[in-house]
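We will go stop by stop, and at each one you will get something to select and something to look for.

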Amino acid sequence: MKKDNLPAAQFEVEVPDTLKTEEMTLNMGPQHPSTHGVLRVVLKTDGEIIKSAEPVIGYLHRCFEKHAENVTWHQVIPFTDRLDYIASMNNNLGYVIGLERMMNLQVNERAEYLRVIVSELNRIASHLIALGTYGLDIGAFTPFLYVFRDRERILDLFEEICGARLLYNYIWVGGVAYDAPQGWRDKVLQFIDYFVPKIKEYNDILTYNKIFIDRTAKVGVIPADVAINYGLSGPSLRGSGVEFDLRKDDPYSIYDRFDFNVCTGKGQMGTVGDTWDRYWVRVAEMYESAKIVRQAAEQLPEGDAKETVPRNIKVPAGEYYMRTETPRGELGYYIISDGGKTPNRVKVRSPAYCNLSVLPAIAPGVMVADMVAIIGSLDIVLGEVDR
Amino acid sequence: MEPILQFFYNLVPGLADLPLWIAATIVGAIVVVAMFTYIALFALIGIWLERKISGHMQDRLGPMEVGGWHGWAQTIADTVKLLLKEDIVPDKADKPLFRFAPILVFAAALSAFAAIPWSRSFIPANLNVGLLYILSISSLVVIGILMGGWASNNKWSLYGGMRAVAQIVSYEIPVSLSLIVAVLIAGTLDMQQIVLNQSGSILSWNVFRFFPFPFIAFFIYFIASLAEVNRTPFDLPEAESELVAGFQTEYSGMRWSFFMLAEYADMFVVAAIATTVFLGGWQAPFEFLTFIPAAFWFLGKALLIVFVQMWLRWTLPRLRVDQLMYTAWKVLTPFSFALIVFVSLWKIL
């Protein structure tokens, strides 16, 4: 990685040699309101300007991968919920599709459609949280409550379909845990009708606010090559202008049947790859997800959605790397089976972890306040970073 | 303070027989207690209002439980909780400074109330340099904040203190300059005279006279005063998402609530200054409305400005430090200088 690939530092202070100055080491976190959980960043600061930032992780480590080796294939699914607890459905999906591909299993049409609907609804819910907390990071309180009002409706839909509001354990091998109750499809369509105009409300109060643009445009710029070299994915990568979305580029489930666009950052307010672009990609993706949900709900076929295999499955020996597009990016499950009742190994390639790794590269030369904006724009979930 | 002394002499004739300095001290003490009570009440109601306003702006109800009707007793309950809390002074803190900081901040806020004209006769201290007095005494707040930030021995607090100093010192300049525009019109620094100078209908208020210069000055003053009292979008010294809570991080219980009290008192003070200097003070907007007491008009106008302050807080994000400085030095200050020149020319020609 060449140094000159990185964007120029935003602020530089020239200090005369005669003046004695000292760098201050500052622990941002693990108890800090804007590190989105228990992230700790060791900052070296010169006044308000950051010289270096080093993320320290592991405060939320729960041994997911070790747990996975000791429970049956199906029992891993609830653990995947707890990786990225803001988008549990998407986590279920990746693991389950991986197993199904190893077992060469066909899933009922209705189940496939339900999976897509809940995954995309969950993507909207996750992006809503990203938006709201990003507003909080920048200092705007009200958008946070707005997005929670609308996320609540998604959670109500989830509660109706699977009984849970946060950790769903809904997508099972061979199908889904429960079929959608009567009238659920219409409620989904109603929600989409309600929700799409609401995005304008967020744009009015936050996205196009002058102060918000001042705070986020041209801040924390990640050029496309840096983003690729650090293995960024999801909105953080697309914010840098790279058109890469696994739903299009490596389609899984039935995503190839739907019409939607891949949104990328275009540098409308400043430079391509700044925090505003990453934020904007999320806003734009909500429109696209709403489009997918509407198509899927309208086409939702009748039939059986329950799983087609017994609860205690055996997966043929072998290994498989399954990657899906979660709201945070490329979530990869590297699954090794020895043909037994439990996984031999499940390794997770966590998008939030890889996205966070770019932080030390873009932090030098920004202000403490920008640091908060950058962490927020990467939209990390510590449950997934630490696993 | 002659009108007030006279008022008390009429109320308690025995006071007039005492030597002046004793009578003045007694009356002064009563007025201070009254002001303190007013600030405490204002903070209680103001915090409750802020919660309700923010609640309704955010599509929720705000406090609804404590006390029955719309949670009216919520802040009282909170005050009791704060009073009962353990008084924590961090081990490594600079203890005398740590204890003194909230007192200084609050004292500065309270002293500013002395020169605010509530009506024709009620002005605790009718100074001929009232405006200058208020501006200078409220600058003391920044020393208290820096003190608290430094004494807490916490790096976040130190940042908060440093930011507060840089911010408040910079914004005092546009504040003073925009007020000078009004002073030029009135030709006096006496708060009561400035109000009397605007008597008549709403059109003789300073905002609408010499249009549009004092009108712009009013907005400059309003923006800069937000920075003076650390309200959004200039709440950098206590930016909770960046600096945890800035200079307040290590404070708890009563000490913290004194910072809070001072913040609300300051909010009212800057609103009161704006009312007095630009919005005709305690005068009614139209002649036929003068039967309504002056204090009502004064309070109404000031609370309207306080409401706008709250409104902005729940709408806008926060600026960054360099943008804050940019706004102060490159936007507000040159504009207020220009306004001074224009108004002076208008006066002379």
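Two residues are in contact if their C-beta atoms, placed from the backbone, lie within 7 Å. With that in mind, select A:Met371 and look around it: leaving out residues up to four places away in sequence, A:Met371 touches A:Leu43, A:Ile50, A:Ala53, A:Ala363 and A:Val366.

A word on what you have open: this is a predicted model, in which local features need pLDDT of at least 70 and side-chain atom pairs count only at pLDDT 80 or more, while totals for chains, interfaces and linings use all residues. Residues are numbered from 1 along each chain as its sequence is written, and chains are lettered from A and ligands numbered from 1 in the order in which they are written.

**Stop 1: the core**

A residue is buried if 20 or more other C-beta atoms lie within 10 Å of its own, exposed if 12 or fewer, and partly exposed in between, with C-beta atoms placed from the backbone. A nonpolar core is a set of buried Ala, Val, Leu, Ile, Met, Phe, Trp, Tyr and Cys residues joined through C-beta atoms within 7 Å.

Which residues touch the most other members of the largest nonpolar core? Select A:Ile117, A:Met371, B:Val105, B:Phe268 and B:Ala274, out of the 211 residues in this core. Then colour helix α11 (residues 253–278) of chain B, which gives the most to this core, with 17 residues. Helices (H or I, at least four residues) and strands (E, at least two) are DSSP runs, numbered from the N terminus.

**Stop 2: where the chains meet**

Colour the two chains separately. Here 28 residues of chain A are in contact with 21 residues of chain B. On the chain A side, the elements that give two or more residues are β1 (24–28), α4, α5 (142–162), α7 (210–216) and α14 (368–378). By class, this side has 16 nonpolar, 6 polar and 6 charged residues. Ala, Val, Leu, Ile, Met, Phe, Trp, Tyr, Cys and Pro count as nonpolar, Asp, Glu, Lys and Arg as charged, and the others, Gly among them, as polar.

**Stop 3: a pair of helices in chain A**

Select residues 88–103 of chain A, which form helix α3, and residues 109–138, which form helix α4. Their axes come within 7 Å and cross at roughly 135°. That makes α3(A) oblique to α4(A). Axes are lines fitted to C-alpha atoms, for helices over the stretch in contact, and angles run from 0 to 180 degrees between N-to-C directions. Angles under 35 degrees count as roughly parallel, over 145 as roughly antiparallel, 65 to 115 as roughly perpendicular and the rest as oblique.

Now show side chains: A:Ser88, A:Met89, A:Asn90 and A:Leu93 in α3(A) meet A:Arg115, A:Val118, A:Ser119, A:Asn122 and A:Arg123 in α4(A). This contact has 3 nonpolar, 4 polar and 2 charged residues.

Stay in helix α4 of chain A and pick A:Ala125. A:Ala125 counts as buried because it has 27 C-beta neighbours inside 10 Å. Beyond residues up to four places away in sequence, A:Ala125 touches A:Arg151 and A:Ile154.

**Stop 4: a buried loop residue**

Go to A:His36, in the loop between β1 and β2 (40–46) of chain A. A:His36 has a positive phi of about 55° although it is not a glycine. Is A:His36 buried or exposed? A:His36 is buried, with 26 other C-beta atoms within 10 Å.

**Stop 5: the domains of chain B**

Colour chain B by domain: domain 1 (1–84) and domain 2 (93–348). Domain bounds come from an automatic or database domain assignment. The C-alpha centres of domain 1 and domain 2 of chain B lie 20 Å apart, and the contact takes 21 residues from domain 1 and 18 residues from domain 2. On the domain 1 side, α1 (2–11), α2 (20–57) and α3 (74–84) of chain B each give two or more residues, and α2(B) gives the most, with 13 residues.

**Last stop: B:Phe335**

Find B:Phe335 in helix α13 (residues 321–348) of chain B. B:Phe335 counts as partly exposed, with 17 C-beta neighbours inside 10 Å. Apart from neighbours within four places in sequence, B:Phe335 is in contact with B:Ile216 and B:Ile220.
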